[in-house]
Every structure is written in structure tokens, then in C-alpha cells.
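Please look slowly through the structure below, with its sequence beside it. The paragraphs after it will lead you from one part to the next.

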Amino acid sequence: MEKLKNEIFTILKESGAKLMGVADLSDVPESPYPVGICYMMPVPKHIIKDLLEAPTVEYHQMYLSHNQKLNEMGEKVASLLQEKGYSA
């Protein structure tokens, strides 16, 4: 299982994720999966600071770009898991 986790983390890092983790979901009754994978990309500090006044065009563009990249990461990880016989 550690080898699979390393493969997943490598895919995520190469795709731009800065933090990632794995969680045991076996005690979560609503979860259809026994394990969860999370990952993130940071938002630049100046964009967060600008949000104190109002959403900006730069924030909107970053939001769309980050979400596209996050979705692509998820698709890559799901493909890897499915190739190995897991549900994803």
C-alpha cells in the first residue's frame, strides 16, 4: 500500500500539488470509500489579501485555473487507481 501511496503522491507533486494526504475513512458511515486522498495547491498571498476588499479578476482567473488543475490531478489519480483494480 505504501508503494501505491508513493505513486499517487508522485503524480500529484508532478502535477503541481504542494500538500497531500491520505485518510482512513472506514469509520465514516456515509463514505463509499475506505480511504480518502486529499491534495492542494496554494493560493498566492497577494490574492488572498486582495480578497479582503472584494473578489478580483485575478482571483477569478486563478480560481478557474486551480480548479482545472485540481480536476486534472484527480483524473490522473483515479485512472491510476482504476488501472490497479480500485474504485475511484
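Predicted model: local features only at pLDDT ≥ 70, side-chain atom pairs only at ≥ 80, totals over all residues.

Residues are numbered from 1 along each chain as its sequence is written, and side-chain values use heavy atoms, with hydrogens and water left out.

Begin with helix α1, residues 2-15, which packs against α3 at an angle of about 155°, the two axes lying 10 Å apart. (Helices, H or I of at least four residues, and strands, E of at least two, are DSSP runs numbered from the N terminus; axes are lines fitted to C-alpha atoms, for helices over the stretch in contact, and angles run from 0 to 180 degrees between N-to-C directions.) Because of that angle, α1 counts as roughly antiparallel to α3, a label given to angles over 145 degrees, whereas those under 35 count as roughly parallel, 65 to 115 as roughly perpendicular and the rest as oblique. On the α1 side, the contact is made by Leu4, Glu7, Ile8, Ile11, Leu12 and Ser15, and on the α3 side by Met73, Lys76, Val77, Leu80 and Leu81, where contact means heavy atoms within 4.5 Å.

Helix α3, residues 57-83, also holds both Tyr59 and Tyr63, which stand 4 residues apart, about one turn of the helix. How are the rings of Tyr59 and Tyr63 arranged as a pair? The count of aromatic pairs comes to 1, and this pair of Tyr59 and Tyr63 is tilted, with 6.0 Å from centre to centre and 40° between the planes. (Rings of Phe, Tyr and Trp, the last by its six-membered ring, pair if their centres lie within 6.5 Å; planes under 30 degrees apart count as stacked, over 60 as edge-to-face and the rest as tilted.) Tyr59 is partly exposed, at 25% relative accessible area, and Tyr63 is partly exposed as well, at 43%; buried means under 20%, exposed over 50% and partly exposed in between, with a 1.4 Å probe and protein chains only.

Turning to the loops, Leu25 sits between β1 (19-24) and β2 (35-40) and is partly exposed at 23%. Its C-alpha atom is 5.0 Å from that of Val35, 10 residues away along the chain. Leu52, in the loop between α2 (45-51) and α3, is exposed at 74%.
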